Amino acid sequence: MEKRIDATDMKIIRLLQKNGRMSNTEIAKQTGVSETTVRYRLQRLTREDFIQIVAMVNPLKLGFGIEGIIRIKADIKAIHKVAEKLKAIDALYFVARSMGAYDFDAEYYVKSSSELKELIDTINAMHGVTDTDVTTVLDYVKERYDFGDLDVE
């Protein structure tokens, strides 16, 4: 059975997208439900993976000057082993199995071009990896995390 969220859940999510540090008491005031209800709903939303409450960092301020995407092709017989090896690489903060010309999309942060070279060499040396395509982010044209208007039932 597919899990769903309702309009109250969505109001809570939208408030947290604007201010992730908003207290449960303030959320309760703005949504018209009790603080206990807010606490319960937040626990359910996180437990059921609708949301994660995390601190978003600015990688540039932390010294990571290079960011980008590595697309990876893998031998179909080695897909699961490649996935496990990619998950273990700290410089990759997002790894997704994808459909299309490449089997994985991986986003990375590194501090220098030498770290980027080391990362690419590590991935290319993995048993089962057959090709990589590396891009580097020059500038953000659009960046948002609120996902616009989401319909709820």
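Arg44 forms a salt bridge with Glu48, with 3.7 Å between the closest N and O atoms; a salt bridge here is a side-chain nitrogen of Lys or Arg within 4 Å of a carboxyl oxygen of Asp or Glu. Salt bridges that share partners join Asp6, Asp9, Arg41, Arg44 and Glu48 into one network. The model is predicted, so local features need pLDDT of at least 70 and side-chain atom pairs count only at pLDDT 80 or more, whereas totals for chains, interfaces and linings use all residues. Residues are numbered from 1 along each chain as its sequence is written, and side-chain values use heavy atoms, with hydrogens and water left out.

**Salt-bridge network**

- The count of salt bridges comes to eight by this rule.
- Arg41 and Asp9 meet through their side chains in a salt bridge of 2.8 Å, N to O. Arg41 lies in helix H3 (residues 35-47) and Asp9 in helix H1 (residues 7-18), so this pair ties together parts that are 32 residues apart in sequence. Helices (H or I, at least four residues) and strands (E, at least two) are DSSP runs, numbered from the N terminus.
- Asp9 also takes part in a salt bridge with Arg44, whose closest N and O atoms are 2.5 Å apart. This pair links distant parts of the chain, with Arg44 in helix H3 and Asp9 in helix H1, 35 residues apart.
- Arg44 is buried at a relative accessible area of 12%, and Asp9 is buried as well. Buried means under 20% relative accessible area, exposed over 50%, and partly exposed in between (1.4 Å probe, protein chains only).
- Glu48, the partner of Arg44 in the 3.7 Å bridge, is partly exposed, with a relative accessible area of 23%.
- Arg41 counts as buried at 17% relative accessibility. Leaving aside neighbours within four places in sequence, Arg41 is in contact with Asp6, Thr8, Asp9 and Ile12, where contact means heavy atoms within 4.5 Å.

**Aromatic pairs and charges over rings**

- A pair of aromatic rings is described by the distance of the centres and the angle of the planes. Rings of Phe, Tyr and Trp (its six-membered ring) pair if their centres lie within 6.5 Å; planes under 30 degrees apart count as stacked, over 60 as edge-to-face and the rest as tilted.
- Two aromatic pairs are counted by this rule. One of them is the tilted pair of Phe64 and Tyr109, at 6.4 Å centre to centre and 55° between the planes. Phe64 lies in the loop between H3 and strand E1 (66-74) and Tyr109 in strand E3, so the pair ties together parts that are 45 residues apart in sequence.
- The rings of Tyr93 and Tyr109 are stacked, because their centres are 4.4 Å apart and their planes stand at 15°. Tyr93 is in strand E2 and Tyr109 in strand E3, so this pair ties together parts 16 residues apart in sequence.
- Phe64 is partly exposed at a relative accessible area of 26%, and Tyr93 is partly exposed at 40%.
- The charged end of Lys111 sits over the ring of Phe64, 5.2 Å from its centre. Lys73 lies over the face of Tyr102, at 5.3 Å from the ring centre. A charge sits over a ring if NZ of Lys or CZ of Arg is within 6 Å of the ring centre and within 35 degrees of the ring normal.

**Sheet and helix packing**

- Four strands form an open sheet in the order E2-E3-E1-E4, with antiparallel pairing. Two strands pair if DSSP finds at least two bridges between them.
- The edge strands are E2 and strand E4 (129-136), each of which pairs on one side only. Neighbouring strands of the sheet are turned by 20° against each other on average, direction ignored.
- Strand E2 (residues 92-97) and strand E3 (residues 104-110) run antiparallel and are joined by five bridges. Arg97 has Phe104 in E3 as its bridge partner, and Phe94 stands opposite Glu107 in E3.
- The hairpin of E2 and E3 has six residues between the strands, and Gly100 takes a positive phi near 135° there.
- Helix H5 (residues 113-124) lies across E1, E2, E3 and E4, running at about 155° to E4. Axes are lines fitted to C-alpha atoms, for helices over the stretch in contact, and angles run from 0 to 180 degrees between N-to-C directions.
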